[in-house]
Amino acid sequence: MAFISLQEVSYTYNGRKEAAVKNITLNIEEGEKIALTGLNGSGKSTLAKLILGLLKPQAGNIVLDGLPLGKYSLVKIGEKIGYVVQNPSQMLFNTSVFNEIAFGLKWKGKGKDEVFHLCKKYLEFFELWHLRDELPFNLSEGQKQLVVICAVLALQPRFLILDEPTKSIDTFRKKRLKDILQEIWRLGTGIMVISHDKEFLTAYGGRRIHMVKGEVVEDAGRYQN
Amino acid sequence: MRVDIRTKLLIVAIFSVLALAYQDPRTLGIILLLNLLTVILFRVPLHIFRGFKGFIYMYAALMVIQSFFVRDGEPLLQLGSIYLLTTDGVLYGISIMLRFFILVGSGLIILNCNTSELILALVKLRIPYEIVFMIQVGIRFIPVFMGELQNIFHGIQLRGVDLRRVYKRKVLKVYVSIFSPVIYSVLQKAEKLSILLELRGFRKSPTRTYYRDISLGKIDYVIMTLSLIITAVLVYAVRH
């Protein structure tokens, strides 16, 4: 059974005539690596928001891990799918990078020692340990992006959705991000990267789903490594 | 029917002053009725009112709370010597609710207008352009900040905070977390905007021209006169 399954899903924003997502049927397996591509306004982010339950489909069904998506609360969806939005500043709530990583872990009820251990492990993995006491808002956009990905991954979701992760990062950090995603995927976490950065996606690999005007027009392994 | 925005502004000002000046539920009821007629006349989509359904419960609760403080009137519900609900408390609660709906109706008349026309109307009313510009920026960024706030709410929940189950002592902490990125974003946007304004020559010239123009027509003078007459009649009738 697919981890995420979409059956003829459609969504139209209020006041718009054209559907943002049209009749999409898609199966995503656990541990799969996906590149969701398409031009601006092709429905990529809308599709991600539908998968995350942030938008309710007007037609069709979405099943997550064997249960209809409507049965889950946002918190429960967040336990299964990690989501990093286009603008990382919207996901930074704390006064230090360390607290940013610890934020979700504390709310999950983890003990003090375990929180410290996990924060250290993930910050070191992302090469961010030296920034642990910095105010997240003072970091560069690329560093913010990594902090947010690190914070989401520390919650150990089974699947990760990244919306335009390379939007404001330089070539060096793109390569670093690609290596990190590769490593995460190798360890078993499924990943969906929403992007139109061809250079990054070619290096990233994975199943390519291409969208045009709200429809999936191509579902192939073009970017396969 | 094309009505100048200044006519609408006058009507909104009249309704707002009347809503705050009167306390009697019957008078406020008449004002609300006139307000609704105006809203319909200006073709404001009435479904917007549905969004305020939740406030009815809030005012029902307010009525009960009022009764603890408004001791006058006949007790409708009491527990021993404590009045839970009094006639005056109920009337006061109804008045506040009616006032609220009058102000919402007035706000909707303005919200349904073209923003550029509203700005131009304020300039023609001789309000300094700097202040008008601030209002314009405020209106422009409301949907942006609402969208950002919603994204943050979603983000915080996806990171494991169940907002419905947050303990009372942690509520403040969570809301500080939610508003930190919003405040940061406001400051960042304000800084960028000020730089962009300087770069585009804001206030370089003391006079400014406008692409659009607005003018008062016969219908505007008729509506303004009628509004003032109706207001005068209402004020006179309430006094006597």
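How many salt bridges (a side-chain nitrogen of Lys or Arg within 4 Å of a carboxyl oxygen of Asp or Glu) are counted between chain A and chain B? The count is 1 salt bridge, formed by B:Arg159 with A:Glu100, whose closest N and O atoms are 3.1 Å apart. The model is predicted, with local features requiring pLDDT of at least 70 and side-chain atom pairs counted only at pLDDT 80 or more, whereas totals for chains, interfaces and linings use all residues. Residues are numbered from 1 along each chain as its sequence is written, chains are lettered from A and ligands numbered from 1 in the order in which they are written, and side-chain values use heavy atoms, with hydrogens and water left out.

At the interface, 22 residues of chain A are in contact (heavy atoms within 4.5 Å) with 20 residues of chain B. The buried area, defined as the accessible area (1.4 Å probe) that two parts lose on being put together, summed over both, is about 2100 Å² for chain A and chain B, and 68% of it lies on carbon and sulfur atoms. Of the area that chain A buries against chain B, 35% is supplied by A:Gln90, A:Phe93 and A:Trp107, more than by any other three residues.

Within chain A, 4 strands form an open sheet in the order S2-S1-S4-S5, with antiparallel pairing; helices (H or I, at least four residues) and strands (E, at least two) are DSSP runs, numbered from the N terminus, and two strands pair if DSSP finds at least two bridges between them. The edge strands of this sheet are strand S2 (21-28) and S5 of chain A, each of which pairs on one side only. Strand S1 (residues 4-11) of chain A is joined to S4(A) by 5 bridges, the two running antiparallel, and A:Leu6 has A:Ile62 as its bridge partner in S4(A). Between S4(A) and S5(A), which also run antiparallel, there are 2 bridges, and A:Val63 has A:Pro68 as its bridge partner in S5(A).

The hairpin of S4(A) and S5(A) has 2 residues between the strands, and in it A:Asp65 takes a positive phi near 50°, although A:Asp65 is not a glycine. At 29% relative accessibility, A:Asp65 counts as partly exposed, on a scale in which buried means under 20% relative accessible area, exposed over 50%, and partly exposed in between (1.4 Å probe, protein chains only). A:Asp65 is also linked with A:Glu30, A:Lys80 and A:Arg158 in a network of salt bridges. A positive phi, of about 45°, is likewise found at A:Lys213, which is not a glycine; A:Lys213 lies in the loop between strand S9 (207-212) and strand S10 (215-220) of chain A and is exposed, with a relative accessible area of 59%.

Helix H1 (residues 44-51) of chain A is mostly covered, 7 of its 8 residues being buried, and among these are A:Leu47, A:Leu50 and A:Ile51. Just after H1(A), A:Gly53 takes a positive phi of about 80°.

A search of the whole structure finds 22 salt bridges over all chains. One of them is the pair A:Lys174 and A:Asp197, whose side chains meet at 2.9 Å, N to O. This pair links distant parts of the chain, with A:Lys174 in helix H6 (residues 171-186) of chain A and A:Asp197 in the loop between strand S8 (190-194) and helix H7 (198-204) of chain A, 23 residues apart. A:Asp197 counts as buried at 14% relative accessibility. In chain B, the side chains of B:Arg26 and B:Asp24 meet in a salt bridge at 3.4 Å, N to O; B:Arg26 counts as exposed at 66% relative accessibility, whereas B:Asp24, at 31%, counts as partly exposed.

Also in chain B, B:Arg6 lies in helix H1 (residues 5-21) and is buried, with a relative accessible area of 16%. Leaving aside neighbours within four places in sequence, B:Arg6 is in contact with residues including B:Ala121, B:Leu125, B:Ile214 and B:Met224. In helix H7 (residues 168-199) of chain B lies B:Leu187, which is exposed, with a relative accessible area of 57%.
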